[in-house]
Amino acid sequence: MLTQIINGKIFTPHGWVNGGSLVIEGSKIRDILNSAEPVEGADKIIDAKGGYVLPGAIDLHVHGGGGRDFMETTEEAFLEAIAAHRSHGTTSIAPTLSSSTNKMIDDAAATCDKLMEDPENGIIGLHLEGPYFNPKKAGAQMPEIIRAINPEEYKDLVERHSSIRRWDAAPELEGSEEFARYLRSKGIVVSIAHTAATPEDVERAYKAGFSHATHFYNAMTQYHKEGMYSHAGTVEGIYDSEGMTVEVIGDGIHVPAKSIRLAHRVKGVENMALITDALAVAASDSTKAFDDRVKIENGVCVLSDGSAIAGSIATMDRVIKVAVTKVGLPLEDVARMASETPAKIMGVYDRKGSLERGKDADIIIMDDDINLTGVVQMGREIPVAKL
C-alpha cells in the first residue's frame, strides 16, 4: 500500500517542508519530497488542505479513555482505551496504572506483554505510577494501596514481564536508590512522583538512576516556609538537575500557563514532554471513573471530597492546541514535546517521534486553528474524533 500526503506544511527534524509531500509505504515513511506531484503507484492520496503535517503524538502518561481504564487489566479494556486516544492523535501510548495491587500489576503486565507483540497497537511500554509513594503526597492515588518499596515484589514483576518500561516512586523512601539502580540496569525509566523529596533527595535519586519527573509540579513540594525559614522543594531540585526530564499535564487546568512556560524556558524542548494523565472518562460520554471517589468538575477529574485534583479528561489533540493557543508556545516546540521528546525518554526514537525516512508512519494533520483533521498510525488512516 502506497499513500501520499500532499498540500501540507510538513514538520521534520530539519525544519518545515512546504509544497512537498510525504510518501508512506506499508507502515513506514518511504520519503519526504519537495514535490507534491503524484508518485508512481500511489494507491491513496491524503490532502492535508494546507494544514500542518506533524509526527503522531506519544502519550507517556495515560490511565484510560473511551470509558475504559487500564487498571481493568483486560485486552478489551486496553484496546478500547487505546483506540479512543488514537482517534484524537495519540499514535503511540504508554498505558499507565495508578498504585495497584501486586495481582493487578501482574495481570496488566501480562496483557501488555501480549499486546506489544503487535506494533499496530501502538504500545511502547507499561507505565507503573506507584505504589511506592509518600502517603502524604498521595493526591488521588488510593491510599490503602500505597506501600513501602519491596525488592522481592518489583524484581519478580520485572523479571517476568518485558512490557514494564517505566516505574515511578518517591525517592525519599527507604530502598529507592537500590530500586532505581536495579530498574536502570534493566533499561527501565525511573521517575520521581508523589513525593516530598528535598533537593538533596532529588540529587541522590538522580545519581542512582531516577531520570524523569512525573506530572511535574503536581503532587510534589515547591519553595515553602517551615517556621521562620524558607526551603527549596522537589520542584527546585528537579530544575537544578539539568539532565532530568519532566512531563507536564497539558490540559490547561492542572498547571498554570506561566508555570508551563517557565518549565519550557528552563528545561527546554529536549527535556520536557507533554502528557494527558487522562482517566477513563476522556474521549467518551462517560462520567464514571475507575475509582468511585472521582468525579468530573469544571473540566477536570477531582476527588469527591474536594481534597485533591485527580487525572484529566484531556486527549493529546487538546494538549497540543492548549500549548499553542493558551500557553503561547511555538508549534514547532509543542510538536517536539508531544512526540520527539517522549520517544527519546522511552527509548523508541529510532522508529518513532519524528517524520523521517524509514520511521513508523505515525502522523497527525492539524489545521491552522490547531484542530486535528487527520491521523495516520503505522500507515493506516484512522477516523478522527471531534475534540
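**View 1. Arg-293 in the loop between strands E19 and E20 of a predicted model.** Arg-293 sits in the loop that links strand E19 (272–275) to strand E20 (294–297). Helices (H or I, at least four residues) and strands (E, at least two) are DSSP runs, numbered from the N terminus. With a relative accessible area of 29%, Arg-293 is partly exposed; buried means under 20%, exposed over 50%, and partly exposed in between (1.4 Å probe, protein chains only). Arg-293 and Asp-107 are 186 residues apart along the chain, and their C-alpha atoms are separated by 23 Å. Residues are numbered from 1 along each chain as its sequence is written. In this predicted model, local features need pLDDT of at least 70 and side-chain atom pairs count only at pLDDT 80 or more, while totals for chains, interfaces and linings use all residues, and side-chain values use heavy atoms, with hydrogens and water left out.

View 2. Thr-3 belongs to strand E1 (residues 2–6) and counts as buried because its relative accessibility is 4%. Thr-90 is in strand E11 (residues 90–97). At 3% relative accessibility, Thr-90 is also buried.

**View 3. The contact of helix H3 with helix H4.** The axes of H3 (residues 151–160) and H4 (residues 176–185) come within 11 Å and cross at roughly 10°. H3 is therefore roughly parallel to H4, a term for angles under 35 degrees, with over 145 roughly antiparallel, 65 to 115 roughly perpendicular and the rest oblique. Axes are lines fitted to C-alpha atoms, for helices over the stretch in contact, and angles run from 0 to 180 degrees between N-to-C directions. From H3, Pro-151, Tyr-154, Lys-155, Val-158 and Glu-159 meet Glu-178, Phe-179, Tyr-182 and Leu-183 of H4. The residues of this contact comprise six nonpolar, no polar and three charged. Here Ala, Val, Leu, Ile, Met, Phe, Trp, Tyr, Cys and Pro count as nonpolar, Asp, Glu, Lys and Arg as charged, and the others, Gly among them, as polar.

**View 4. An open sheet of six strands with mixed pairing.** The strand order is E3-E2-E7-E22-E23-E24; two strands pair if DSSP finds at least two bridges between them. Strands E3 (15–18) and E24 (380–382) are the edges, each pairing on one side only. From one strand to the next the twist averages 25°. Helix H9 (residues 331–345) packs on the sheet and touches E2, E3 and E7, its direction making about 35° with that of E7. E2 (residues 9–12) and E7 (residues 52–55) are parallel and share two bridges, with Val-53 in E7 as the bridge partner of Ile-10. E7 and E22 (residues 363–366) run antiparallel, joined by four bridges, and Tyr-52 stands opposite Met-366. E22 and E23 (residues 372–377) also run antiparallel over four bridges; the partner of Met-366 in E23 is Leu-372.

**View 5. Two nonpolar cores.** The largest core has 81 residues, and Trp-167, Phe-179 and Phe-216 have the most contacts inside it. Another core, of 14 residues, lies apart from it and includes Val-17, Ile-29, Ala-48 and Leu-355. A nonpolar core is a set of buried Ala, Val, Leu, Ile, Met, Phe, Trp, Tyr and Cys residues joined through side-chain atoms within 4.5 Å.

How values were computed: Contact = heavy atoms within 4.5 Å.
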